[in-house]
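Here is a short report for someone meeting this structure for the first time. Please look it over before reading on.

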Amino acid sequence: MSPAAQYETHEHDVLIIGAGGAGLRAAIEALAHGARVAVVCKSLLGKAHTVMAEGGLAAAMANLDKSDDWRAHFRDTYNGGKRLNDWRMAQLHAQEAPDRVRELEQWGALFDRTADGEILQRAFGGHTYKRLCHVGDRTGLEMIRTLQDRGVQLGFDVFMECTVTRLLKDGDRVAGAFAYWRDSGKFVVFKAKAVVIATGGIGKSWKITSNSWECTGDGMALAYDAGAELLDMEFVQFHPTGMVWPPGVMGILVTEAVRGEGGILRNKSGERFMEKYDPKRLELSTRDVVARSIYTEVKEGRGSPHGGAFLDISHKPAEYVKRKLPSMYHQFKELADVDITKGPMEVGPTCHYMMGGIRVDAETGQSTLPGLFAAGEAAGGMHGANRLGGNSLSDLLVFGRRAGLAAGQSANKGTKAQLDSAQIETAARDALAPFDRPTGENPYKIHHDLQHMMQNLVGIFRTNEDLRRALVELDKLKVRAKNVRADGSRQYNPGWHLCSDIQRMLTVSEACTHAALARKESRGAHSRLDFPKTEDEWGKKNLVIAKKGDAMNLFEVPRPPLPAELEKILAEDK
Amino acid sequence: MAETTATLRVFRGDAETGKAVDYQVPLTPGMVVLDAIHSIQANQSPDLAVRWNCKAAKCGSCSAEVNGRPRLMCKTRMDSLPLDQPITVFPMKAFPVIKDLVTDVSWNYEVNKKITPFQPRPGVEWKMDQADVDRVQEFRKCIECFLCQNVCHVLREHDKKKEFGGPRFFVRSAGLEMHPLDGANRTRVLREQLGIGYCNITKCCTEVCPEEIHITDNAIIPLKERVVDEFYDPLTMIVRKIFGAK
């Protein structure tokens, strides 16, 4: 092995990739069961994308609406997901979320309170009752800090600013990962008896996104490359309200809590257009519906000056707005020169969340590969065709805990991993290749082109023609990405890091496009102009993607029938 | 007439050596300094190192010194700066440089480990008044940008990283100490491990906090009072002398 390819090795029982809500919750659970745990993350600890979650955490605590219970939460989630969710996940999620919230509180989280001292809950799109436990509009920060401190207290090993580029296997079993330190560029090999992927979403493949630089689909691509199956990859959520002006902040999230607290959407003529699209739920309709409504208003010429809609909360008292939505107040004041207590915001859809992901067992988060688990946004199934706001933070806790538990237990039974050096050498060679080419392309250019292409061809509304064109464009981008070049040294080199991230973005983009092309109907976040109806036949199956040789193989899997107990709950729909 | 380009004078280098390099960047409406840095990365120098995540002042990653003032780059509008002269962008001074604008902030994570974690009083009922919670929520707004650490002269000028925890960790301690249901006592840790006595209340930390936390008035001073009450109260000292330290 060349000196450049040398690496350090760390051995643990459980390796967790990603330090957002799901990864940290998984780590805490594995630690609590006696496992030695490593958490590896691309950013500093506490900066993961969970920190940006604003509106709240959905759990049927029934602190305000006494009629709420897990059944109602399950029903809302399942209907919101257009009944394509893994019903067992939706059930477990609804049943366990309140306990996960109480647990957070016992670890020091401080939620906003009701008059009698309980956790306060707010209304949100698609939720029948006031269900979102929150801290103003910075719920994600509260959650990540609480989990981070709990993990530090229990004693996990954290490898910050360290990027995994490949999963390592012992035979068929996933038994570790290959990574580089972002600061020095040096390589690391992690050996573990079980690996949990909690790397979040894929939004960075689109131009307009609320996602941070980290959301490059790493976990899904790593799992796919290692042979795991991906599920529901056609379902990408465009959040209805991102900032649209000025250009530098385009896509940055405007929390749904604005609408939860009474915000009203209007077009340029002042018309409250949600009355047309969903007269019953208005602004608190599900995200897929509100995003399409805004998009349609803009497309038909009724948009705001910068191509969005107006979102207005200024009819509420200024002090109330500042208390309940402090970061929105500051965000608009400082970045867009808009005082939201006095006038409307301009908002438009922004790529926000991936419903699809690694195909997992509902109870354990076990992927289709031995030794590999997944939780949170990186895992698929829980949210079906559309996620309800607030269900993500609860998902992270419920399934982060379950995956951590299962990984910890499997590690207790597991044997010491053996990693052959060939796969490590290949990983090192791939990582260094962008330096070795005498000429090649700037990775920022390829990323830019990918984002524009996905935005234009695999966006909110899709057609056969666009999606086919997208696949052709993706093939060209893949060729270009093979010839990507990094300048400078290995020391903290974002250009080199992007060379590696691009490969994974291309994998998840291609999976998304293939699945979107195959699903010939419209359902939830997946809207086909050429197949505008939701078809019963398509409601009976999910789409799965797996690697076959070098090609992406797509197949249908029939959905298991709903048990009578859950059917009954759905029938009680009001 | 408005300028169409700006000059950014950015520190390029590492722990050993470095220099300021000028870059011309086209201006766009509403542009922030971080946008300008990203523009340099994409078009001129892909290996320019910078930390960032959310670009919305929620994660506290992109701290730097812009025209000599410690700021979040994502929150610093270009049109708030004098564009007829170069805008200097340098890494935080109180921490060792890794490369360009990225500094080694790992010391902060080590300090954090010294703080006694949240310990609910046994048998508490999990009910709290919003008024009591408000006080602590102010501290929990902290996004760990470490700008307060960067400007604190105990760290910046005197480099007392062994003896002193810094404002960030007084804020964290205050959030725990004033939690309505917490039962632990952190005064000894504050005095002996975090060296709260070194702080002489110059309020530099409060001035730079992007979350507008009243670090000095609401966190540090009340904690200092607790430490004084416990360790320097004359009556307690006499009791200690007679009966021995607890």
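## The model

This is a predicted model, in which local features need pLDDT of at least 70, side-chain atom pairs count only at pLDDT 80 or more, and totals for chains, interfaces and linings use all residues. Residues are numbered from 1 along each chain as its sequence is written, while chains are lettered from A and ligands numbered from 1 in the order in which they are written.

The model scores ipTM 0.95 and pTM 0.96.

## Chain B

Chain B has ten helices and seven strands. Helices (H or I, at least four residues) and strands (E, at least two) are DSSP runs, numbered from the N terminus. The C-alpha atoms of chain B fill a box of roughly 75 × 40 × 30 Å, taken along the principal axes.

Of the 246 residues in chain B, 46% are buried. A residue is buried if 20 or more other C-beta atoms lie within 10 Å of its own, exposed if 12 or fewer, and partly exposed in between; C-beta atoms are placed from the backbone. Two residues are in contact if their C-beta atoms, placed from the backbone, lie within 7 Å. Among contacts in chain B between residues at least 6 apart in sequence, 65% join residues at least 24 apart.

## Where the chains meet

In chain A, 48 residues are in contact with 44 residues of chain B. Elements giving two or more residues to this side of chain A are helices H3 (87–106), H4 (139–154), H10 (326–336), H13 and H15. H4(A) gives the most, with six residues.

## Helix H13 of chain A

Helix H13 of chain A covers residues 443–457.

The buried residues of H13(A) include Ile446(A), Leu450(A) and Leu457(A). Seen down the helix axis, the buried residues fall within an arc of 165 degrees (taken from the directions from the axis to the C-beta atoms), so they line one face of H13(A). They pack against helix H14 (464–482) and helix H15 (494–518) of chain A.

## Arg287 of chain A

Arg287(A) lies in helix H8 (residues 287–299) of chain A. Arg287(A) is buried because 26 other C-beta atoms lie within 10 Å. Leaving aside neighbours within four places in sequence, its contacts include Gly125(A), His239(A) and Asn386(A).

Notes. The expected span of a helix is 1.5 Å times one less than its number of residues.
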